[in-house]
Amino acid sequence: MTRREATPDTPVEQRWNHNIERYPLLLDALPEPCGPVLDVGCGDGTLTWMLADRAERVLALDVDASSLERTEALVHDRPHVEVRQGDVMTDDALEPGSFDGVLAVAVLHHLGLRPGLERLASLVAPGGTLGVVGLARTRTAYDLAHDAAGAVTTRLLRRRRGGVWEVQAPVADWDETHTDVLRAATLLLPGVRYRRHVLFRYSLVWTRPDDWSPP
């Protein structure tokens, strides 16, 4: 059997990779109706494109100019989507508590675990959602078992979905383990839902309580 591969011409709705696999989880976690949403580290714009159908307004933010160009090409016909270059950690134009949703996929390890979580959470409005899909270091036998299952599942899904969509974006190493992520998230985000996924990812979904304040 000849394996099909994703190409630059693959329609956006047919793209697949380990991150895209978790987009429905994030989209389903958003409040309804959903006002403004921040897509942190928008990358190639696939998530931004999906958010355009779910949110009243979308801000796609990234430090990488080439990533912003690809995102802009996808959403240029969506007037309620703004694509902007900026660093979420230092962008003073981002008002605290101003977004119904703040989503960050494969971004947290670029920001630093605790400061990144604190900053992202501070941008969420009361009752809004913080959604994170991230990567963590393999350390234990349990981690290795998850990785083995992920390798098998990847082969199956790669064939079924027509290949892996390769994202051209800046990369960074990550040092935090899954235990580190769980501990920090539990400490900073009361009521957070942490899930360990087979395909080399974890997710954090948190609804901001009315009485939460940054540590």
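This report describes the overall build of a predicted protein model and then some of its helices, strands and residues.

The model is predicted, so local features need pLDDT of at least 70 and side-chain atom pairs count only at pLDDT 80 or more, while totals for chains, interfaces and linings use all residues. Residues are numbered from 1 along each chain as its sequence is written, and side-chain values use heavy atoms, with hydrogens and water left out.

## Overall build

The protein has 7 helices and 7 strands. Helices (H or I, at least four residues) and strands (E, at least two) are DSSP runs, numbered from the N terminus. Their order along the sequence is α-β-α-β-α-β-β-α-α-β-α-α-β-β.

The radius of gyration of the protein is 17 Å, which agrees with the value near 17 Å for a compact globule of 215 residues. That radius is taken over C-alpha atoms, and the globule rule is 2.2 Å times the number of residues to the power 0.38. Along the principal axes, the C-alpha atoms fill a box of roughly 55 × 45 × 30 Å.

Of the 215 residues, 48% count as buried. Buried means under 20% relative accessible area, exposed means over 50%, and partly exposed lies in between (1.4 Å probe, protein chains only). The accessible surface comes to about 10,800 Å², and carbon and sulfur atoms hold 51% of that surface. These areas come from the Shrake-Rupley method with a 1.4 Å probe, and for residues only the protein chains shown count as cover.

Contact means heavy atoms within 4.5 Å. Among contacts with a separation of 6 or more, 72% join residues 24 or more positions apart.

There are 24 positive and 31 negative side chains, and the centres of the two sets lie 9 Å apart. Lys and Arg count as positive and Asp and Glu as negative; His and the chain ends are not counted. The place of a charge is taken as NZ of Lys, CZ of Arg, CG of Asp or CD of Glu.

## Helix α5

Helix α5 (residues 113-122) is largely enclosed by the rest of the structure, because 7 of its 10 residues are buried. These buried residues are L113, G116, L117, R119, L120, A121 and S122. Their cover includes the strands β1 (36-40), β4 (99-105), β5 (124-134) and β7 (201-207), together with the helices α4 (108-111) and α7 (178-188).

M89, in the loop between β3 (81-85) and β4, is in contact with L111, P115, G116 and R119, leaving aside neighbours within four places in sequence. A185 belongs to helix α7 and touches L117, V192 and L204, not counting residues up to four places away in sequence. A185 and R137 are 48 residues apart in sequence and 16 Å apart in space, C-alpha to C-alpha.

## Accessibility of single residues

| Residue | Relative accessible area | Class |
|---|---|---|
| D44 | 8% | buried |
| M89 | 28% | partly exposed |
| A185 | 0% | buried |
| F200 | 28% | partly exposed |
| S203 | 1% | buried |

## Two side chains with polar contacts

A polar contact is a pair of N or O atoms within 3.5 Å; within protein, one must be able to donate a hydrogen and the other to accept it, and residues adjacent in sequence count only if both atoms are side-chain atoms.

D44 sits in the loop between β1 and α2 (46-51). Its side chain makes a polar contact with the side chain of T46 at 3.0 Å. Beyond neighbours within four places in sequence, D44 is in contact with R15, R70, T71, L74, W165 and V167.

S203 is placed in strand β7. The side chain of S203 makes a polar contact of 2.8 Å with the side chain of H197. With neighbours within four places in sequence left aside, the contacts of S203 are L25, V132, V133, R193, Y194, R195 and H197.

## Backbone geometry

Most residues other than glycine have a negative phi, and most peptide bonds are trans. The peptide bond from E32 to P33 is cis, with omega near -10°, and P33 lies in the loop between α1 (23-29) and β1. A106, in the loop between β4 and α4, has a positive phi near 55°. F200, in the loop between β6 (193-197) and β7, has a positive phi of about 60°.
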